[in-house]
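Subject: Structure handover, disulfides

Hello,

I am passing a structure on to you, with some notes on its disulfides. Please look through it before reading further.

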Amino acid sequence: GLFVTDYFTRTPRKLSPFRSFASIELFHFHIPEDTVIAVWNLITFKEQGGTFGDQCPDRSITVYFRSGAPSVINPLHTHFPRDTAIPGSFALTLTWILPNRTTGVFNVTSPLPGDWFLAAHLPKDEGKISVKGLYEECQYLFQPQLIVQRLVNIAVLYPGHITEQSMAPHNRSCLYKVFVPSYTSRVLVEVLRCRGAEGCPLWLRVRAKAPPLHNSTTLDCWEHTPCQLAQDLPFWQHWYYVLVEKHPGVPGTISFQVTVQLTDCSRPSLARPPFLPSSASMNMPHSFGSAGGLALGDSPPPTSPNDTKHPVPIPVTSHAGERCWPVRPTLRNELDTFSVHFYIFFGPNVSVPPDRPAVFVINLLPVLDSGGVLNLELRLNVSSLCGENVTVFGCLNHEVPLTSGDNTSVTCETESLAGFLLSVNATASLSRLRIPYPQTGSWYLSLRSLCATEHGFEPCTNVTAEVYLRAYLSPCINDCGIYGQCKLLRTNNYLYAACECKAGWNGWGCTDNAEAFSYGFQLLSTLLLCLSNVMFVPPVAIAVRSHYLLEAAVYIFTMFFSTFYHACDQPGIVVFCIMEYDVLQFCDFLGSLMSVWVTVIAMARLQPIVKQASVLYLLGAMLLSMALQMDRHGLWNLLGPSLFALGIMAVAWTARTIRRRHCYPPTWKRWAFYLCPGALIAAAAVLLYAFVETEENYFYIHSIWHLLIAGSVGFLLPPRAKPSRRLGPLPRRKGCGYQLCVNEQEELGLVDPAVASINSICTS
């Protein structure tokens, strides 16, 4: 056949260490129909500071693949919530083969068509809290590329018609496809009139949705006569692919005939008629190819002796398993994103008769509904059992309802069909099922009532059980509980939801408490972070005593908002918020930086040198507010104003040193007992904050940060000189003019103003 190659790529994205599914990078691809091979080229490279990160450490990268919906992954091996079904996925780990670049290849032969999702992440780290902009961070970028090769013009088989085929010596196989509409209970593929070799050296393979593989349903026509391959309970509204493959080493040309028969379960005594007015009557999609040159809207022409397609006799046999029951639809009510309720007509109470199952369908929209959680709840009305030992079994299957011929079977799986089982009885009257990231399409729920006897389960007589059925779609499982937050995430145009856990809780629904913080630990961490701000009381007292009222007001502002910000910022249940979180965070950051600003400006002692020095306080408040609004965690946005204040202090001290011709401050006691200890304490606080703080030690390292910063302010705040009582009021000159009085003791920045005499120099 003719092959067409398609190429898809995605933009590189930065990978993050795994903490929860909210920290992974998700990529969405679409594989077209009739694809015979899909190759993912996985490119990963390092960057540091805009260049190749040759010095970055090698960290393994895990990639997950799943068809139909995102992968449900569990790399930390945590516990899932109860009644949660975990769908499988493929996983691949990439290792580094070059210092700054590595590639990996993932091949899928005959992949399922439709949506495919890739999830990638780095391994979990120690949770170090790094200051943004302090150093160049190593970045690991991941870019997947997809190359697909698909067949075009695959021959289409019409149910009830014979297709003749000759396989040349150089050909190994022939591929066909047939569309299976709804309410089909059986697909029967048969190879007839095999000629050209002894026996029939052919293999017959059948597979749904994609071309067959070596492990697909296979029949050796050499050993089986007639060569018939049946598929019970086929997937509705999908293509089935038929592969006729020649045995190796068979010479010559082999000719044969292929026919397909579909059994309509709504009319078990009839197969589908060979002649239909159009493809719409066959419930075929308008995208399927032509068969033998027929247009989509055309019906097969009348048969003649020379035609290659002609009707075959249709058996009028009925199997118990070929009968299907009416499917009751559900009403879709969308409340919000991933918040959808499916209402049952004349429900939610459902009657389950003893002689037949009750079948319901839940339709999930493509792409839109696969990023949430499908929830199903069954509650049995025990009073409706009339004292009988009745158990109601529910089977949830994807794309086809399970209709077993064995009325006493309690399984929801067949050779080609997997499902989920629910059961309720008088003892356990409630059953739940949660499916995170469900595949889209039609989900069928079949409810049956069976009575328990000594010999197992048997059909009940004259007992109609009543159950309460609730089906809905939610963003997360139980809204992630009290120790998690349900986050709505987006990758390009695809939306999905995931839990982000806190306070040491883990798991898909934040229900794994193996590493959870106890209530006492949460209370202790909250008290440490809040009460450590009491250390600002001594600086406030010192500022008030020295008549630094503006500085004291800033320290009180910082102490207040830092206390209540940390009371609101706790991850557990010991939380108290007096305002919105964003307001508290802004005020806490602003108060901390303003405390540094006003302290440094006070140390500069600008009042005798610069008139209206209070303008600098207002300038600092405006600059810091602007920097915080730009980026609250950026290093230079926060460090810049602080360095600017230190520069002003350095210029003021240098000017005094040059004018006074001696070092400022002039006394060694000021340097030894106040400035040097205060600077060392502040430097230690900055080092702890920048290099030691992690998520695990945050509560006590950050509390120490509070203590050190407040303590350094108490040491660095300069004393305010007081005028001597021995000096009387100076006479004021009459007329125009002014007096400039310079207090030399205040100018020198001495600790104790009573030690030295005060000489005031007044000039006009």
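Which hand does the link of Cys 194 and Cys 200 have, right or left? The link of Cys 194 and Cys 200 is right-handed, with 95 degrees about the S-S bond. Please keep in mind that the model is predicted. In this pair the S to S distance is 2.5 Å. Cys 200 has 10% relative accessibility, so this residue counts as buried.

A search of the whole structure gives 9 disulfides. Two others among them are described next.

Cys 221 is joined to Cys 227, with 1.9 Å between the sulfur atoms. The torsion about their S-S bond is about -45 degrees, which means that the disulfide is left-handed. Cys 221 and Cys 227 are both buried.

Cys 480 and Cys 499 also form a disulfide, at an S to S distance of 1.9 Å. This disulfide is left-handed because the torsion about the S-S bond is about -90 degrees. Cys 480 sits in the loop between β31 (465–474) and β32 (484–491), while Cys 499 belongs to strand β33 (residues 494–501), so the link ties together parts that are 19 residues apart in sequence. Cys 480 is buried, at 0% relative accessibility, and Cys 499 is buried as well, at 7%.

Cys 174 counts as buried at 11% relative accessibility. Cys 587 has a relative accessible area of 13% and is therefore buried, since the cut-off for buried is under 20%.

Regards

Methods. Residues numbered from 1 in each chain as written. Predicted model: local features only at pLDDT ≥ 70, side-chain atom pairs only at ≥ 80, totals over all residues. Heavy atoms only, no water. Disulfide = S-S within 2.5 Å. Buried < 20%, exposed > 50% of the residue type's maximum accessible area, 1.4 Å probe, protein only. Helix = DSSP H or I, 4+ residues; strand = E, 2+ residues; numbered from the N terminus.
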